[in-house]
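Hello,

Here is the structure for your files. My notes on helix packing and charged pairs follow below.

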Amino acid sequence: MTIYIAIPRFALSGGNLVSLELAKYLESQGYLVYCISGFRSVKPSSVILRKPRRGKINSFANIYDYLITSFRALFYKSCIASHHLTSVFNFIEKGKFSLVQDVEVDFYPARIKFIGKLFWKNYLLSKNLIFTNQILCSRIIPEHNTDIEGLSFVPFTMDSNHDTSKTIDVLGIIRDGQYKDPQKTLEVMNLIERKGWNVKVINASRQQITNNNTINNCNREQFLKLLNRTKVFICLSKWEGLGLPNLEAFVAGCEIVSTPIPSAVTLKAVMSESIVIVNDANSNESIVDVVTMLLSGYANNSINTTERMRLLHEQYSKWLNYAERAINKGISK
């Protein structure tokens, strides 16, 4: 059985990383798998995800890729759409699978959200929906009867040569999108810095931040190295479909302060002492108090990163088994 998985533009993004890992897993299980983008079809082992450039040209290239990928999907018996715009032609013929990774309709500005709702509903018309976690599923289709277990992840290994001296007290990421709450994150980070803690801010947004503690253009490898040196990682997004950075911070031995996004809720369930969940309505000062408490009691020698990795891989294995069951069930229909 041949399975095609849409990976738009082979662009480096959290969603495409998850899709690519699923493709590699299915290939390891004996399926013939191709990752498709526009007119390209590539075996999972040959896919290289590259960070896209921002701007109008990139936006037009995205639209072109989405349309071609969606059109090609009409001719495949088993194609997994991994983005709501990779199944544009679902209204002509329902796609076999949709890998739902976030509430993508929320990405649209208010003035054109009605268009986004049309594409989003179209995406959910696929015959089989595969969710990256139960929390996301409950948010989109509360009554959806499913056997989702665990959550998706992007495995990685820590280089033994990485510097693991915890010299960074607090690390946070500033990202575009109101739902990521970049302003609140930046305000909290600034308050923590004023208290004398060593703070680092990764600027992954379009805004210009010129503070001495800001790191621009950070790739995933550099991010993991920073996490290795960090005591407390902060995520204050109002919502995320998963929240990979929380999971990476968990494995790197960080204490985590996060809003109740799916990755945070899962970590709370598997190791409650590793994370403090705050509501996005909490005041900046109260969040700073939580971070200060964690820093004051931080003890790196009490954190078993090997056990953390084991727990996370256990959750990931459960999800891969669920995804494979869903795919097999859909193929047999």
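A salt bridge here is a side-chain nitrogen of Lys or Arg within 4 Å of a carboxyl oxygen of Asp or Glu. By that criterion, Asp147, Glu149 and Arg325 are linked in a network, and the structure holds eleven salt bridges.

This is a predicted model, in which local features need pLDDT of at least 70 and side-chain atom pairs count only at pLDDT 80 or more, while totals for chains, interfaces and linings use all residues. Residues are numbered from 1 along each chain as its sequence is written, and side-chain values use heavy atoms, with hydrogens and water left out.

Asp169 and Lys231 form a salt bridge through their side chains (3.3 Å, N to O). Asp169 lies in strand β7 (residues 168-175) and Lys231 in strand β10 (residues 230-235), so this pair ties together parts that are 62 residues apart in sequence. Helices (H or I, at least four residues) and strands (E, at least two) are DSSP runs, numbered from the N terminus. Asp169 is buried, at 10% relative accessibility; buried means under 20% relative accessible area, exposed over 50%, and partly exposed in between (1.4 Å probe, protein chains only).

In helix α10 (residues 305-332), Arg310 and Glu307 are three residues apart and meet in a salt bridge (2.9 Å, N to O). Arg310 also pairs with Glu314, the closest N and O atoms being 3.4 Å apart. Arg310 is partly exposed at 41%, as is Glu314 at 35%.

In helix α3 (residues 113-123), the buried residues are Gly116, Trp120, Asn122 and Tyr123. The face turned away from the buried side carries the exposed residues Phe114, Leu118 and Lys121.

Regards
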